[in-house]
Amino acid sequence: EDVAAERRKQAVIEQVMVDQLSRAVISDPEQSTCADVYKEARGLLGLGTAPMRFRKRTLHDTKIRTKSGLTENMLSNKLRFDSRIVSRNGRDACRELIGFFFACDRSLTVYEFRQFGRNRTNALPFIQKGVYQHQRGQRKGKAYDLSDFYIGANLTFRSADHNLPESVKQNPVLTLRVISIDEAALDLLKASIEFRQECSKHAVDDSEVFKKIQGILRETLSKRGVRVITGLGKYFRQVDKNRSGFLSQAAFKEALKVFHLEMPEGDFESLWLILDDSKNDKVDYGEFTRAIFGEMNEYRKAFVRKAYMKLDFNKTGSVPMVDIRKCYCAKKHPLVLAG
């Protein structure tokens, strides 16, 4: 499995290099003169004038090298990372995404490795190469840099800006979770460029709030176990009549009261301020659940995803009980062995 995974990653790397180096400098949009760009943008070109891409360009108007013209040497300074979509949709959550951060221009791209039938595979762009900014959290609006890439980091993008599957576009913000990273390349890039580990005080404070709340509820959960988590999830789905995945502050307070998960009012307000960063008085109940209960680390989640992909062999996004019976064997379970 490890060898197969490494081959897939190598195939994606080759495809990325081909895609980025195949466009010639001569056809770069930057070759158009500033005057032509200005005229076309404002509709000032004459009726009989063809668009710039169809017109002849004389030699003295052509740049030998453009800003976006990339060389193989420039693209080689890259950081590879694996990621997954944070989603309740089983099919989207299991998409195999491999991303690259390029140190030369601080741009990134994410490719999806796809299997078509038994023998045909392909690497397709999921997030086109470009310089992107955080869409959520304390660093909202700031461009991604090397310090944003570590296992467990969230990368956020506006769904409307990309050609994504319809199931992903239902949420205005696409969140990708970094699940593994090329540590050797990361160390090399840190050594070669001036690296600043930007860990803001706000981000540390957010983490402390989550830990404090999880500590308060740990004793309650240890007594009542997983039934509270599954019961709370079922309750959220019943309350969410329009199936949007979002609930109001009052609905969350009522849910905690129903399940006897009391926490100080001040802590709840702090939690709400962190989660409701768009200030629309609604929060995704998946995020809320992860914040108050915590979540598995990415190493363990990788095994859960592997098991799920074995069960959901048709990639429908859900697994009927009949399919689970085909794959699951309880013969070695202690209770079965005991009769």
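Biologist: Why is Glu-298 called buried?

Modeller: Buried means under 20% relative accessible area, with exposed over 50% and partly exposed in between, using a 1.4 Å probe and protein chains only. Glu-298 has a relative accessible area of 9%, so it counts as buried. Bear in mind that this is a predicted model, where local features need pLDDT of at least 70, side-chain atom pairs count only at pLDDT 80 or more, and totals for chains, interfaces and linings use all residues. Residues are numbered from 1 along each chain as its sequence is written, and side-chain values use heavy atoms, with hydrogens and water left out.

Biologist: What makes Glu-298 and Arg-177 a salt bridge?

Modeller: The term asks for a side-chain nitrogen of Lys or Arg within 4 Å of a carboxyl oxygen of Asp or Glu. Here the closest N and O atoms are 2.9 Å apart, and the pair passes. Glu-298 sits in helix H12 (residues 298–311) and Arg-177 in strand S6 (residues 173–181), so the contact ties together parts that are 121 residues apart in sequence. Helices (H or I, at least four residues) and strands (E, at least two) are DSSP runs, numbered from the N terminus.

Biologist: Is Arg-177 buried or exposed?

Modeller: Buried, because its relative accessible area is 7%.

Biologist: How do you know that Lys-212 and Asp-267 meet in a salt bridge?

Modeller: Their N to O distance is 3.2 Å. Lys-212 belongs to helix H7 (residues 201–224) and Asp-267 to helix H10 (residues 265–275), 55 residues apart. Lys-212 is partly exposed, because its relative accessible area is 49%. Asp-267, at 12%, is buried.

Biologist: Which residues do salt bridges with shared partners join into one network?

Modeller: Arg-84, Arg-177, Glu-295, Glu-298 and Lys-301. Searching the whole structure turns up 18 salt bridges. One of them pairs Asp-92 with Arg-95, at 3.0 Å between the closest N and O atoms, and both of those residues are buried.

Biologist: What makes S3 and S4 a pair?

Modeller: Two strands pair if DSSP finds at least two bridges between them. Strand S3 (residues 107–116) and strand S4 (residues 120–130) are joined by eight bridges and run antiparallel. Val-110, for instance, has Ile-127 in S4 as its bridge partner. The hairpin has three residues between the strands, and Gly-117 takes a positive phi near 75 degrees there.
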